[in-house]
Amino acid sequence: MTLNTAVGVVVVGRNEGENLRVAIQSALAHRVPVVYVDSGSVDDSVEIARSMGIEVLPLDPAIPFTAPRAYNEGVERLQAIAPHIQFVQFLDGDAEFMPEWIPNAYKAMQQNLEVAVVCGRRRERHPQASVYNLIADVEWDTAIGFVDACGPESMMRLSMFQQVNGFDTTLIAGEEPEICFRIRQAGGKVLRIDADSAWHDMGMTSFWVWWKRSRRGGHAFAEEAWIHRHHPARYRFRECARIWLWAFILPIVALAPAPWTGGQSLWLLPIGYSLYLIKNYLWALKHRQYSPPKALTYAVFYLLMKFAKWHGQAEFLWLKLRNRRRGLMEYQEKKQVI
């Protein structure tokens, strides 16, 4: 089979506007079947997609919107219109494929039959526009080779996607790493190739929007750890434990005995956090070859992210105690929050 007959693209979005036109055009450039899945947009996203001649699937608003739900229903519709496909490529509606990404991913799949997921380097379009855009770009600069998880613009082998029953539709975030965990448990491999996958415009200019995005990630960590709590691999347990150590346990250990230590225990905070900053600063210099300012920015925000993610984890636990679930949590300023 050729790329045009073996690969299909699922684009998901909500209130993406003209960004969606760019995203869809980058997929159509490869002459592959494309499905756009819309999660309740109130702008002209659906009309834009339909005007470009692709299959459009507006999700039923009676069922809670989540990205994994959109991905799964998109794959089902893609199979209905193109039953011959073997690989599914995913794309967020506010991103744009690099011109050579789909051929590169397809080639990697053809050359590595044991690989179930191929991902690349997502790049922020305007990393200098704000420190938050820069942090996102750094976050997407992942290791090359066989890895544990992929990002949004990944290509998946359809047979393995079906074997693990697709994405977990209950998750509000973190769906790509979670499905990669199940794929790896089923014997598949995740490959990060040395190629750029997509441009993405984070458009993030507010600290509190960044905090909300990080908080959402913490909520996802806790939820995934809970879902897989009985699995021997203890998925996400270490990440959650580290977050609680730095954002909750260390402050408690320093603050609680302060009245009996004459305040001496408070020194644990500047000492502990300084050592943590230095460790991550030196790691970024050595292993990522970042400039000193970029390495320092990485170290500072990596620490601050612990507190935002602890916020998200605490929220998950509070809702769990009340037998409630968190709905869709959108963080981008351009979007409407549910």
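Start with the crossing of α9 and α10, which is left-handed in this predicted model. To see the pair, select residues 207–227 for helix α9 and residues 237–255 for helix α10. Look along the two axes: they come within 9 Å and cross at roughly 135°.

On the α9 side, pick F221, A222 and A225. On the α10 side, pick E239, C240 and I243, which those α9 residues meet. Colour the contact by residue class: five residues are nonpolar, one is charged and none is polar.

Next, select residues 292–321, which form helix α13. Here the axes of α9 and α13 come within 6 Å and cross at roughly 55°. That angle makes α9 oblique to α13. What is the hand of the crossing where α9 passes α13? It is right-handed. Colour this contact by class too: 13 residues are nonpolar, six polar and five charged.

Finally, switch to colouring by pLDDT. The protein chain averages 92, and 96% of the residues score at least 70. Then zoom to residues 334–338, where pLDDT stays under 50.

Note on methods: Residues are numbered from 1 along each chain as its sequence is written. This is a predicted model: local features need pLDDT of at least 70, side-chain atom pairs count only at pLDDT 80 or more; totals for chains, interfaces and linings use all residues. Side-chain values use heavy atoms; hydrogens and water are left out. Axes are lines fitted to C-alpha atoms, for helices over the stretch in contact, and angles run from 0 to 180 degrees between N-to-C directions. Helices (H or I, at least four residues) and strands (E, at least two) are DSSP runs, numbered from the N terminus. A crossing is left-handed if the near helix is turned anticlockwise from the far one by less than a right angle, and right-handed if clockwise. Contact means heavy atoms within 4.5 Å. Ala, Val, Leu, Ile, Met, Phe, Trp, Tyr, Cys and Pro count as nonpolar, Asp, Glu, Lys and Arg as charged, and the others, Gly among them, as polar. Angles under 35 degrees count as roughly parallel, over 145 as roughly antiparallel, 65 to 115 as roughly perpendicular and the rest as oblique. pLDDT is the predictor's confidence in each residue, from 0 to 100.
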